Amino acid sequence: MNDMIMSTRWAKAQSRWGTMIIYSNTNTTGLIRTRNFQLNRLVEGQDLEPENIDRYSIGTAGCYGCVVHCRHRYVLREGPHAQLYGEGPEYTSLGAFGTMVDCKKMETVLVANHLVNKYGLDTLETGGLIAWAMELYEKGIIDDKVTDGLKLEWGDEGAVFEMIRKIALREGFGNTLADGFRPAIAKFGKGSDYYAIEVKGMSNLHSDERPTPSFALNIATATRGADHLRSRPAVDMYGLPEELLVEVYGAPVASDYTSYDGKSRMVWWQELLYAVTDSIGVCKFQTVFCALHAPKWEEFSRLIRLATGMELSKAQLMQIGERICTLERTFNLREGFTRKDDTLPERYFKEPTPMGLPIAKGRKIDRERFEKMLDEYYELHNWDKNGVPKKETLEKLGLDKEPTHLL
Amino acid sequence: MQKILFIDPEKCTGCRMCETACSMHHEKVCNPNRARIHIAKWETAGLYVPIVCLQCESPICETVCPVRAIKKDEKTGALLVDYNLCVGCRLCALYCPFAGAGIDTATGKIIKCDLCDGDPVCVRFCDPEALQYVKATRANMMKMRKAAERFSELMQKLLAP
């Protein structure tokens with residue numbers, strides 16, 4: 001199993017530089033949100049390249065029993081933050097405290113990453129909120145009075161560190177942001193919702209999904225809110241041969257990542273796989289995330305048999321995944337989330353990407369085709385047009401007696 | 001020449017695969033608690049140190065054992081517990097300065113590294129090669145190289161304009 005995991009190039013790269021390795025590709029292509037959502041590349045962002053972690057790293061750390069050991073242990077040796085120790089940073093932190101707030105120094109990311117870990121905050125959510133506040137400040141929607149006199153300017157690392165502290169300790173303006181996007185929008189008003197890059201109230205990763213419809217469908221449908229790890233088909237980025245994709249996904253899927261064809265199937269399939277992956281405690285990165293030949297259904301089947309003696313076929317595992325997704329869906333429906341919440345921030349449909357390679361430049365999400373993709377996605381799950389699980393689906397999954405207060 | 005278990009804490013990633021493999025090999029369960037090797041971790045400093053019997057030349061455990069149950073394996077050089085003699089007083093665990101001998105949490109018996117009869121499983125599963133089973137000459141060489149590297153770094157710092 002370990003050999004199989006390490007046979008993928010992704011795992012080899014990850015064991016050297018961690019998830020930061022994604023940055024090299026996405027920043028060059030133009031798939032990164034910069035200045036909240038204004039640009040899609042970090043210009044002069046060389047210092048955030050993963051190789052630069054080597055200056056600070058004292059070695060890597062692994063989770064229990066893992067051969068990939070993708071987390072760097074880093075120490076800042078000089079400067080105002082000397083002797084500071086931290087672990088990571090993940091790709092997400094590069095975005096949260098690098099690209100989204102327009103900070104161009106690795107050291108800023110390392111310090112901010114240390115701070116959020118110490119305070120116990122989520123790196124993505126914190127960075128997303130700060131970047132949003134910075135854009136509102138720039139647009140004049142909020143001013144010094146709201147921010148307690150703090151000048152929230154792009155690339156100001158001092159402001160970022162101060163905001164992290166304020167959010168964690170719920171001080172003044174930090175208290176407003178600490179409640180999350182939706183309550184803060186209600187408080188600010190004045191069209192601040194247009195600038196919030198959130199789905200179901202949760203901040204999106206710093207990835208720009210406009211050139212990649214499959215990723216866009218992923219964040220729109222994730223049950224937890226804009227959660228890229230719920231069903232992200234990261235293999236889509238490779239442009240793999242279609243014969244290979246048919247074999248894995250079981251029906252035609254377009255190889256081009258800017259296409260809408262078959263992408264709903266990709267998202268649905270990944271969602272089931274990740275639900276099962278999470279359930280058995282295997283790392284998501286080491287299943288079909290960035291490599292098609294990484295361990296998946298058959299290998300999981302074998303692992304479960306060896307550990308517990310239970311015989312579960314691929315079809316049975318997929319059904320378990322389906323049950324998890326459908327149960328989460330019914331939970332969300334009970335809490336009032338419907339089809340209209342399975343959408344993207346307005347800006348995805350309106351503003352074309354301003355930068356990047358020709359394949360990524362000038363792209364936005366086509367609303368009609370997006371809605372069609374959503375229809376297909378519901379159909380694959382056997383839910384109706386409004387995203388409500390059909391009666392027969394619930395019966396088939398044994399969920400018809402669940403106390404969802406809906407049925 | 002006999003091989004030795006060479007430990008390099010700087011390479012350890014703290015994944016604890018060695019503990020799992022060790023307990024599986026000896027006790028037939030995946031239970032790090034019952035392993036003969038352990039990783040001591042200081043999470044806030046990022047320091048991971050493998051702790052295992054160092055198979056001393058003049059073993060303290062052997063000296064303090066009242067029934068002379070600790071014996072050296074001629075083939076591997078491992079210090080083994082003779083369970084026919086052991087009375088379970090745990091003096092060896094108490095006096096070992098390196099925490100080499102420990103108490104099996106399930107049976108209460110003394111357990112310690114036996115070098116797996118010359119093919120330690122922990123080494124086989126240590127991906128970052130923080131654990132290596134090598135001849136003493138090679139271990140010396142690796143130590144020497146590391147020291148030389150540090151020395152050269154120091155000299156560069158001193159000679160820098």
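**Close-up views of a predicted model**

**View 1. Chain A is divided into two domains.** In this predicted model, the domain assignment of chain A gives domain 1 as residues 1-208. Domain 2 of chain A covers 209-407. The centres of the two domains, taken over C-alpha atoms, are 25 Å apart.

**View 2. Domain 1 of chain A is in contact with domain 2 of chain A.** The contact takes 29 residues from domain 1 of chain A. Domain 2 of chain A gives 34 residues to the contact.

**View 3. Helices and strands line the domain 1 side of this contact in chain A.** Look for α1 (2-6) and α2 (9-17) of chain A. Then find β4 (198-199) and β5 (202-203) of chain A. Each of these elements gives two or more residues to the side of domain 1 that touches domain 2. α2(A) gives the most, with three residues. By class, this side of domain 1 of chain A has 16 nonpolar residues. Nine residues are polar and four are charged.

**View 4. Chain A touches chain B.** Here 14 residues of chain A are in contact with 13 residues of chain B.

**View 5. Two strands of chain A each give two or more residues to the side that touches chain B.** They are β1 (57-61) and β3 (85-88) of chain A. The largest share comes from β1(A), with four residues. Now sort this side of chain A by residue class: seven are nonpolar, five are polar and two are charged.

Methods. Residues numbered from 1 in each chain as written. Chains lettered and ligands numbered in written order. Predicted model: local features only at pLDDT ≥ 70, side-chain atom pairs only at ≥ 80, totals over all residues. Domains from an automatic or database assignment. Contact = placed C-beta atoms within 7 Å. Nonpolar A, V, L, I, M, F, W, Y, C, P; charged D, E, K, R; others polar.
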